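Subject: Structure handover

Hello,

Here is the structure I said I would pass on. My notes on it follow below.

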Amino acid sequence: MTDSAPTASGAAPGVRRIQSGAPWEEKFGYARAVELPGGLVLVAGCTSVVNGEISAGSPYEQAVASFEVAFAALEKAGLGREDVVRTRMYLTHARDVDDVGRAHKELFDDVRPVATMVIVSGFVDPSLVVEVEVEAFRGGDR
């Protein structure tokens, strides 16, 4: 597992790509997170898959585990949950909105990022019911 991936030819200078070692990163050619000049860090969709295994069952547990995967990527960039400015939550069932929203509130109530929650038709593994994305910003005082 590497902290950063090679920069594609023609990529903007100063862009750092952060890998987590998830199998889909190599298979589909993406980074877990990308840090842009100026301090914005974008984290790709995260699920509760850890070491190739789905680590949690309920929608609430999957949401918490998914955000923990995102936090691990942010940590590699030197950021934490307090730096998160945007979240996106993708769910396969509207019935899970309250459970996923509860997880989000517990993790971000003191941060209050902008947030979006969307119902989608499914994910690559049908046992997954939640996927999250986060964006964080490194302020000028860091």
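**Salt bridges**

Lysine 105 is partly exposed, with a relative accessible area of 48%. Please keep in mind that the model is a predicted one. The partner of lysine 105 in a salt bridge is aspartate 109, and their closest N and O atoms are 3.1 Å apart. Aspartate 109 also counts as partly exposed, because its relative accessibility is 32%, a value that falls in between the limits of 20% for buried and 50% for exposed.

Elsewhere, salt bridges with shared partners join Arg86, Arg88, Glu133 and Glu135 into one network. The structure has 11 salt bridges by the rule used.

Arginine 86 is partly exposed at 29% relative accessibility, whereas glutamate 135 is buried, with a relative accessible area of 16%.

A further salt bridge joins the side chains of arginine 95 and aspartate 96, at 3.9 Å from N to O. That distance counts because the rule asks for a nitrogen within 4 Å of a carboxyl oxygen. On accessibility, arginine 95 is exposed at 63%, while aspartate 96 is buried, with a relative accessible area of 5%.

**Aromatic rings**

How many aromatic pairs does the structure hold? There are three. In one of them, phenylalanine 67 and phenylalanine 71 are stacked, with 6.3 Å from centre to centre and 25° between the planes. The pair counts as stacked because planes under 30 degrees apart fall in that class. Phenylalanine 67 and phenylalanine 71 are four residues apart in helix 2, so about one helical turn separates them. Phenylalanine 67 is buried, with a relative accessible area of 0%, and phenylalanine 71 counts as buried at 9%.

Phenylalanine 67 also pairs with phenylalanine 108: the ring centres are 5.2 Å apart and the planes are at 75°, so this pair is edge-to-face. Here phenylalanine 67 lies in helix 2 and phenylalanine 108 in helix 3 (residues 97-108), so the contact ties together parts 41 residues apart in sequence. Phenylalanine 108 is buried as well, with a relative accessible area of 1%.

**The largest pocket**

The largest pocket holds about 520 Å³ of space. Its lining is made up of 25 residues, and those nearest the centre of the pocket are Ser20, Ala22, Arg32, Val49 and Val69. Which element gives the most to the lining of the largest pocket? Helix 2 does, with four residues. At least two lining residues each come from helix 1 (23-28), strand 3 (40-46), strand 4 (49-50) and helix 2.

**Two loop residues**

Aspartate 83 sits in the loop between helix 2 (59-76) and strand 6 (84-91). Is aspartate 83 buried or exposed? Aspartate 83 is buried, because its relative accessible area is 10% and the limit for buried is under 20%. A polar atom of the aspartate 83 side chain lies 2.9 Å from the backbone nitrogen of glycine 80.

Valine 124 is in another part of the chain, in the loop between strand 7 (114-119) and strand 8. Valine 124 counts as exposed, at 64% relative accessibility. From C-alpha to C-alpha, valine 124 and alanine 70 are 18 Å apart in space, and they are 54 residues apart in sequence.

Regards

Conventions:
Residues numbered from 1 in each chain as written. Predicted model: local features only at pLDDT ≥ 70, side-chain atom pairs only at ≥ 80, totals over all residues. Heavy atoms only, no water. Buried < 20%, exposed > 50% of the residue type's maximum accessible area, 1.4 Å probe, protein only. Polar contact = N/O pair within 3.5 Å; in protein donor to acceptor, adjacent residues only side chain to side chain. Phe/Tyr/Trp six-rings, centres within 6.5 Å; stacked < 30°, edge-to-face > 60°. 1 Å grid on protein atoms, 1.4 Å probe; cavity = no way out; pocket = protein on both sides within 12 Å on 5 of 7 lines; lining within 4 Å. Points joined across faces, edges and corners; volume = space filled by probe spheres on them.
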